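Biologist: Hi! Could you walk me through this fold, slowly please?
Modeller: Happy to, let's look at it together.

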Amino acid sequence: SAEPSISAEPSISAEPSTSVEPTMSAEPSMSAQPSISAVPTISAEPSVSNEPTSSSPPSMTPSVAPSVSHLPSAVPTPLDTAGAIVIATVTSAEDLADPTSAQSLAAAFLQADTSDLSSPETTTTELFLERYAAASFLISAGLTDNAQAGVDTCSWTGITCDTSDRVTAIVIDSFTGGSTLPSELGSMEGLTQLFATNGNFVGSVPDTLFTETMTVIDLSNNALNGSLPENVCNATGLVDLIVTGNDLTGNIAENFFCLTTLEFLDLSSNSMSGEIPTQLGLLSNLLILDLFDNFFSGQIPTEIVNPGMLYLDISFQFDLFGAIPTEIGSAASLTLLSLSQNFLDSALPTEFFNLGALTYLDLFDNALSGTLPTQVGTLGSMQSLFLSFNSFEGTLPTELGNLINIATFTAHGNLFNGSITDGVHPFCDLSFVEFTLNCLLVSPNCATQCFVTDV
C-alpha cells in the first residue's frame, strides 16, 4: 500500500499563495504526503524554509533533562527579591523547587547575571519576564548556549524582537532537548510566531500558547503527546497551526472551532481519533486541511470543505467509510485532494468533476465502484491521478485524452476492460502509467509498458 510522498512542509512566506502544486513521479508511498509548494501566512517575520518531512518521523523516546553545564546550579531564589516575586506570577512553586526544571535553571541564570537586563528593578517587568520565558524555553530545548548573560534578549540566537525590544518571534530547528514546552511562553505579550521544529519536546501542548497575539504555531516533528488543549479561544488571530509528526491523541475538541481565522491546519502523522467534526465548516477561512495518517473514523462530514479551500488530505485513516460527500465539488479552488487508504465505497459523485483547478487526485486503496464518468475529461488541470485498488469497472473513457497536463496515472487493481487506442489516450507519454490487474488491451505501438494480467 502506498501514499503520496511529500518533499517538504510548506514554507512560511510574506504573502499568501494560491498555488498548491504537488508533484508525483511514481506510485504513492504511504510513508509520506504530497508536497505543498506554498502556504498562506501573515507578516514578514523570519521565513522557515527547512521544514521537516513526514517521511522521517521523530523519535518518540523522551531524552534526559537538557545539559546546562555552563549555567549556574539552580538554587532557591529568595522570595523577597523583586525578580523572584515576578517569576512566581507565571511559574508554579513546584517547578521552581525542582532543581532540574528549565524554569529553576532559568531563574538561577538570571540571578547569576549581574547585568541590568536580568532584574525587574533595572528594566521593565515585561522585558524581565520575556527574558525569563525565553531562557526557560531555550533551556528546555537544550539550546543553553543561546541564552547569554549580559547580552540583550533580542540578540539571542532564535529570538526576534520589534523596535520596542519586545519578543515577536521564536524560531528554532533541529534541537535535542527532551523537556516539556514551558507554559511561560504565554507571558510574552508580543509573541506572534513560534517555530520549534524537528526537535524532541515532550509532554502536552500548553494552552498558554494560544494568546490573542499569536498568528503562527509550528511544532512539527517533536515528541509531543496527549490531546490538543481545549482552552484555545484566546487565539483570535491564529492563522497557521502545524503539529505534524508528533504523537498527539484524542479527538478534535469542540472548542477548537472558535479559531475562525485559521488558514492552515496540519494535524497529520499523529495518533488522533474519533469522528471528523462537522464543526470544521465553521473554519470558513481554512485553505489547507491536512489530517493524513491518524485514526479518524466514521464518515467524511459534508462540511469538510469551504469554497476557497486549496488542499485537503484525509488519507491513511483506514476507518473512514461511506460515500464521498458531493459537497466537495463546491471547493472550486481545490488543487489537491487525497482520500486514499480508507474504506470509501461509493461511486464518484457528478459534482466531483466541478473541480477544474484540481492538479492532484488520489483515491488509491478504497472500495469505490462504478464507471469512470466521461466528465473526467473536464479536469483539464490534472497532473497526477491515482485510482488503483478500487472496484471501478467498464471502459476508460476517451475523454481522458483531454487531460493534456497529466503526467502520472495509475488504475491497476480495478475491473476496467476494453482497449486503449493510439491517439485516443495520451498514456504513451506519461511519466508513470500502470494498468496491471485490469483487463485492458494495449496498443502494440505504445512505448509505455503496460500489462494484462490477473484478470
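Biologist: Which residue in S16 is the bridge partner of Gly 322?
Modeller: Leu 344 is the partner of Gly 322. A quick note before we go on: this is a predicted model, where local features need pLDDT of at least 70, side-chain atom pairs count only at pLDDT 80 or more, and totals for chains, interfaces and linings use all residues. Residues are numbered from 1 along each chain as its sequence is written, and side-chain values use heavy atoms, with hydrogens and water left out.

Biologist: How many bridges join S14 to S16?
Modeller: There are 2, and strand S14 (residues 319-322) runs parallel to S16. Strands here are DSSP runs of E with at least two residues, helices are runs of H or I with at least four, and both are numbered from the N terminus. Two strands pair if DSSP finds at least two bridges between them.

Biologist: What order do the strands of that open sheet follow?
Modeller: The order is S10-S12-S14-S16, 4 strands with parallel pairing. Strand S10 (273-275) and strand S16 (343-344) are at the edges with a single partner strand each, so one side of each has no neighbour in the sheet.

Biologist: Ser 273 is in S10, then. Is it buried or partly exposed?
Modeller: Ser 273, in strand S10, is partly exposed, at 30% relative accessible area. Buried means under 20%, exposed over 50%, and partly exposed in between, using a 1.4 Å probe and protein chains only.

Biologist: What does Ser 273 touch?
Modeller: Not counting residues up to four places away in sequence, Ser 273 touches Gly 250, Asn 251, Phe 295 and Phe 296. Contact means heavy atoms within 4.5 Å.

Biologist: New topic: how many residues are in the largest nonpolar core?
Modeller: That core has 98 residues, and Phe 137, Leu 219 and Leu 337 have the most contacts inside it. A nonpolar core is a set of buried Ala, Val, Leu, Ile, Met, Phe, Trp, Tyr and Cys residues joined through side-chain atoms within 4.5 Å.

Biologist: And what is Phe 137 in contact with?
Modeller: Leaving aside neighbours within four places in sequence, its contacts include Ile 170, Leu 181, Pro 182 and Phe 201. Apart from this core lies another, of 10 residues, among them Leu 310 and Phe 386.

Biologist: Last one: what is the phi of Ser 174?
Modeller: Near 55°, a positive value in a residue other than glycine. Ser 174 is in the loop between S2 and S3.
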